[in-house]
Amino acid sequence: MIKIYNTLTRQKEEFVPIQAGKVGMYVCGPTVYNYIHIGNARSTIAFDTIRRYFEYRGYQVDYVSNFTDVDDKIIRAANELGITAPEVANRFIQAFEEDTKALNVEPATAHPRVMEHMSDIISFIQVLIEKGYGYESNGDVYYRTRKFPTYGQLSDQSIDELEVGASQRTGVEQSQKEDPLDFALWKKAKPNEISWDSPWGPGRPGWHIECSVMATKHLGETIDIHGGGQDLEFPHHENEIAQSEAKTGKKFANYWMHNGYVTIGDDDQKMSKSLGNFITVHEMIQTVDPQVLRFFMATTQYRRPIRYSEATMKEAATNLQRLRNTFDNLKFRLATAEKSLADDTKYLAELEQIEQRFIEEMDDDFNAANGITVVYELAKWLNTYLEKTTVSADILAKGEALFTQWLAIFGILFTSEELLDEEIEQLIEERTQARKNRDFARSDEIRDQLKEKGILLDDTPQGTRWRREA
């Protein structure tokens, strides 16, 4: 039984899908005006890990994540680069796809774009106006926030608290509103700005309406899960609820999930472009193994903050290498394993106990930190079993299946490198022959030669095998 912490109710709840065996999941995607930084990647990786666990548990996941391809920041970037807003969006959508592929993120079932849904957005706004929730003002359209009775419930804020902050805002836009709390559904076009024709004149959509339209269009009027970064809880997700439920008269999302920030520095400052303390994924994966970054991000429980530093990345690399060594040890012993042994039943029972612990931990709000601890337990169990003189292929096959399936949930895929490293194998064979001939000087020379290249040798009763230095 999977339990999810629902931001809306501020408690863990049993996950009950709208349709048995299926999950409809909408996750707010990037505004594509630049490369994503690792703070942005946190959300992408967290919800990809959650999706993968749902699939491991047998659910069919309809996973929708949008691209915001029209926005003030995109328009600003277009002016700075001397290209059009669609060209900016296309450039950085391609970059996003390349970067997330390197991080082994599964493509979404659908990646809707705002520009492709303009007629849907206009129709949605028209319904809100007809129902009295929206109003036009000098070419802009606003949402009557006070008309929605539960506004503030998601972010746990009262309308009075929100009013104090809103009343301090000034400017032309505020003067056009009936109430300081009202937010934009449609923005009147400014000079030299990309726009679309509408019943209220040329303009473009407000930020919040876009996700309401794309989520309901692709997943229905009520969806199972809506996710995104903690910073989107207010006002973006709060406004999505107000718009969507005002239009449909139905609950918008049954479960709201928000991932924690990535922090950096001694003061644990949130990583963001506005603060200038960010590192892009595009830059980082030029020098860091993308699997290490993925492992670092995926193995923290999604609601918890992640502290980024060279030390935490180094720790992730070391832990990942240890798991890689276990995988290599297992593959090495499989080649000479017996089909089955008399004590298989005992070891299968132990594996089943480990498997049950993994499911229990991950069922508890996708607790990746506890889940990866069980993976380490499995690795330790496998390493101990592999020390036996004779091992069972049936046991190793079961262990390998669990090991690879669980690592895949965290986005980690190990492949055997032996076929790609014939030179290393030849040197090991030469060293083995040198040892047989008692030519220990040549044997040590080859070991040192390989060590200089980051290749470490392990002499085992079953022969010599190699691994890459962490």
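Is R52 buried or exposed? I find R52 buried, at 10% relative accessibility; buried means under 20% relative accessible area, exposed over 50%, and partly exposed in between (1.4 Å probe, protein chains only).

I note that this is a predicted model, in which local features need pLDDT of at least 70 and side-chain atom pairs count only at pLDDT 80 or more, while totals for chains, interfaces and linings use all residues. Residues are numbered from 1 along each chain as its sequence is written, and side-chain values use heavy atoms, with hydrogens and water left out.

Entry on R52. I looked up its partner: R52 and D48 form a salt bridge at 2.8 Å, N to O. The term denotes a side-chain nitrogen of Lys or Arg within 4 Å of a carboxyl oxygen of Asp or Glu. D48 is buried at 1% relative accessibility. Both residues lie in helix α1 (residues 38-56), 4 residues apart, which means about one helical turn between them. I take helices (H or I, at least four residues) and strands (E, at least two) as DSSP runs numbered from the N terminus.

Entry on D328. D328 pairs with R324, with 3.0 Å between the closest N and O atoms. They sit 4 residues apart in helix α11 (residues 310-334), about one helical turn. I find D328 and R324 buried. Elsewhere, salt bridges with shared partners join D48, R51, R52, E55, E106 and R294 into one network.

Entry on K12. I record a salt bridge between K12 and D364 at 2.7 Å, N to O. K12 belongs to strand β2 (residues 11-14) and D364 to the loop between α12 (344-363) and α13 (368-386), so the pair ties together parts 352 residues apart in sequence. K12 is partly exposed at 40% relative accessibility, and D364 is partly exposed at 28% relative accessible area.
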